[in-house]
Amino acid sequence: MAKLVLSKGGSVLYQCFLDKDRVSVGRDAHNHVVVDDPAVAGEQAEIISIGNDHILEDLRTAGGTFVNGRQVERHILQHGDVLELGSFYLRYLNPRVSSAIDLERTMLIDGLYGAADEAGKKSRPSATVARVPSARPGKIRFPKGRIKILTGKRAGSIVELDRVVATLGKRGDRLAVLTRRPHGYFITHVEGRRYPRVNGQSVGKEAHLLQSGDIIEFADEKLQFVME
Amino acid sequence: MPGPRRKIFRNMAQKFIEMAALTDVGSVRQYNEDNIAIDPKNAAMVVADGMGGHRAGEVASRIATEVIFNELKSYIAEFGNAASQYSPRLAVEQSIKRANKSVYEAAQANAAYQGMGTTVAVALFYDNVVALGHIGDSRIYRLRSRVLKLLTRDDSLLRDQVELGIIAAADANESHNRSLVTRALGIEHDISPHIHEVQALPGDIFLLCSDGLNDLVDDSDIELIVQSLKSNLPLAAHHLVQTAKDNGGYDNVSVIIVKVLKPFPAASQQRWVTRVFGWLK
């Protein structure tokens, strides 16, 4: 279970588990976490629990609420986050959810405000489906490559390979795809009777790993692949 | 013994659609709890993402796909019968409900299976329309005129949070609630799945997937991959799965891609099916 640790000058003053739907933080005595510092508002912030998330909300204080040095109005707390409250620090610890892999196990939970029961019915008839972006972790690095077009009308132009795939050739005729992967770029034949050639050699049906400087010939075009 | 690591299918038997399907254990997990099934003859397909301890998730998703397929077959056989009241929409709904009952009863009957459940996404193509059914966070998209559109609404806590404005969509990748579903098949005695029908036009591409795809690959990249590789569906399926794995592959990942090749009014579809059944008799 997640917990909060209040400290000042390096010594721990108070700890509590986040076992309530709402945990309040402020200078006033009625708060769950009382922080006795003149820089802290009577009611400074609230931490709301939803599923595995703990969401910190600033209660529109004049001085604002800061997490890891950044002012936030609303913030999904992450393991190790530190709230600066005057001369106090309030640290959020949630080691279990810091392991992303464990989290990916699908589990069942109650929906919010009966949203699940109403889903698709009357709750939000015209609402567009919320776009929830993917969780792609930022730590995976992809290489940066580009192709130089060597022949034809577009000779000399450069195409950055900054997406997951880029196609070469013409649909319905001859088509190949350049795929960006963590360990490099690959060329793969998609359709057409003739396979792409790399440095004069046909690549066949399988994906072929490109090296910087490789010359690609395909569908009457000649290109050079260059890696940064 | 774990089953085969990957399964791949390609089929063009039903001439108005072409499809490719692929399921993969991912880069991290030991077992694949997803199950997929395609029925080219009846133009039906299912993705199921199981949940539950001790590999019960695998059992739940397998029971669900099997029951849905068997049920769909018997309903589809009734479509040509004038006295029958079954529509594709109703067939999808009833088959998901029956699968729910089967998974629920299996969970009740065996202590090891208690609490198991599964998501499902089901599509049935009939008479120029595709009937879609789903529960949980498996998804169905459609690519039309180069634009990918999500046709299903996840039963997920994260979606609730974003829709209710509790967190901004842009902050959703900070959330820990990604894999929390608010509804699933097999948990309760009775369920009402989300069902709807959309037109299926020649050139349309439908994609059914488990959250192992869309959690790790942005919609814009899914769109680009399907659009770029739509002339080679098995390669498109392979690229989708590979991209999810390259991006971390924390979860099992399953995709079914269906391309509509030409119109399929009921009359011709029915004749074709009757003809095949005629041979079998």
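Predicted model: local features only at pLDDT ≥ 70, side-chain atom pairs only at ≥ 80, totals over all residues.
In what sense do strand 16 (residues 174-181) of chain A and strand 17 (residues 184-191) of chain A pair, and over how many bridges? The pairing is antiparallel and extends over seven bridges. Two residues lie between strand 16 of chain A and strand 17 of chain A, and the two strands form a hairpin. Within this pairing, Ala176(A) has His189(A) in strand 17 of chain A as its bridge partner. Strand 17 of chain A is also joined by two bridges to strand 20 (residues 208-209) of chain A, and these two strands run antiparallel. Here Ile187(A) has His208(A) of strand 20 of chain A as its bridge partner.

A further hairpin of chain A is formed by strand 5 (residues 45-50) and strand 6 (residues 53-58). Six bridges connect these antiparallel strands, and two residues lie between them. In the turn, Gly51(A) has a positive phi of about 60 degrees. Across the pairing, Glu46(A) stands opposite Glu57(A) of strand 6 of chain A. Strand 5 of chain A also pairs with strand 3 (residues 22-26) of chain A, in the antiparallel sense and over four bridges. In that pairing, Arg22(A) has Ile48(A) of strand 5 of chain A as its bridge partner.

Chain A also contains an open sheet of six strands, whose order is 14-13-22-21-18-19 and whose pairing is antiparallel. For strand 19 of chain A, two bridges make up the antiparallel pairing with strand 18 (residues 197-198) of chain A. Val198(A) stands opposite Gln201(A) of strand 19 of chain A in this pairing.

The average pLDDT of chain A is 85, and 82% of its residues score at least 70. Over residues 114-130 of chain A, however, the pLDDT is below 50; this stretch has 20 contacts in the model beyond near neighbours in sequence.

Chain B also contains an open sheet. Its five strands follow the order 3-4-5-6-10, with antiparallel pairing. Strand 3 (34-39) and strand 10 (194-199) of chain B stand at the edges, and because each has a single partner strand, one side of each is left without a neighbour in the sheet. From one strand to the next, the twist averages 10 degrees. Ile36(B) stands opposite Val47(B) of strand 4 of chain B.

Two helices pack on this sheet. Helix 1 (residues 56-78) of chain B touches strand 3, strand 4 and strand 5 (117-126) of chain B, and its direction makes about 160 degrees with that of strand 4 of chain B. Helix 2 (residues 88-109) of chain B touches strand 5, strand 6 (129-135) and strand 10 of chain B, and its direction makes about 155 degrees with that of strand 5 of chain B.

The two helices also meet each other. The axes of helix 1 and helix 2 of chain B come within 8 Å and cross at roughly 145 degrees, and the crossing is right-handed. Residues of helix 1 of chain B in the contact include Ile63(B), Val67(B), Glu71(B) and Tyr75(B), while those of helix 2 of chain B include Gln94(B), Arg98(B), Ser102(B) and Val103(B). Classified by type, the contact of helix 1 of chain B with helix 2 of chain B has 13 nonpolar, three polar and two charged residues.

Another helix pair in chain B consists of helix 5 (residues 219-228) and helix 6 (residues 233-246), which pack at an angle of about 155 degrees with their axes 9 Å apart. Helix 5 of chain B is therefore roughly antiparallel to helix 6 of chain B, and the crossing is right-handed. Asp221(B), Ile222(B), Ile225(B) and Val226(B) of helix 5 of chain B meet Ala236(B), His239(B), Leu240(B) and Thr243(B) of helix 6 of chain B. The residues of this contact comprise five nonpolar, two polar and one charged.

Definitions and conventions: Residues numbered from 1 in each chain as written. Chains lettered and ligands numbered in written order. Pairing = 2+ DSSP bridges. Axes fitted to C-alpha atoms, helices over the stretch in contact; angles between N-to-C directions. Contact = placed C-beta atoms within 7 Å. pLDDT = per-residue confidence, 0-100. Parallel < 35°, antiparallel > 145°, perpendicular 65-115°, else oblique. Left-handed = near helix turned anticlockwise from the far one by under 90°. Nonpolar A, V, L, I, M, F, W, Y, C, P; charged D, E, K, R; others polar.
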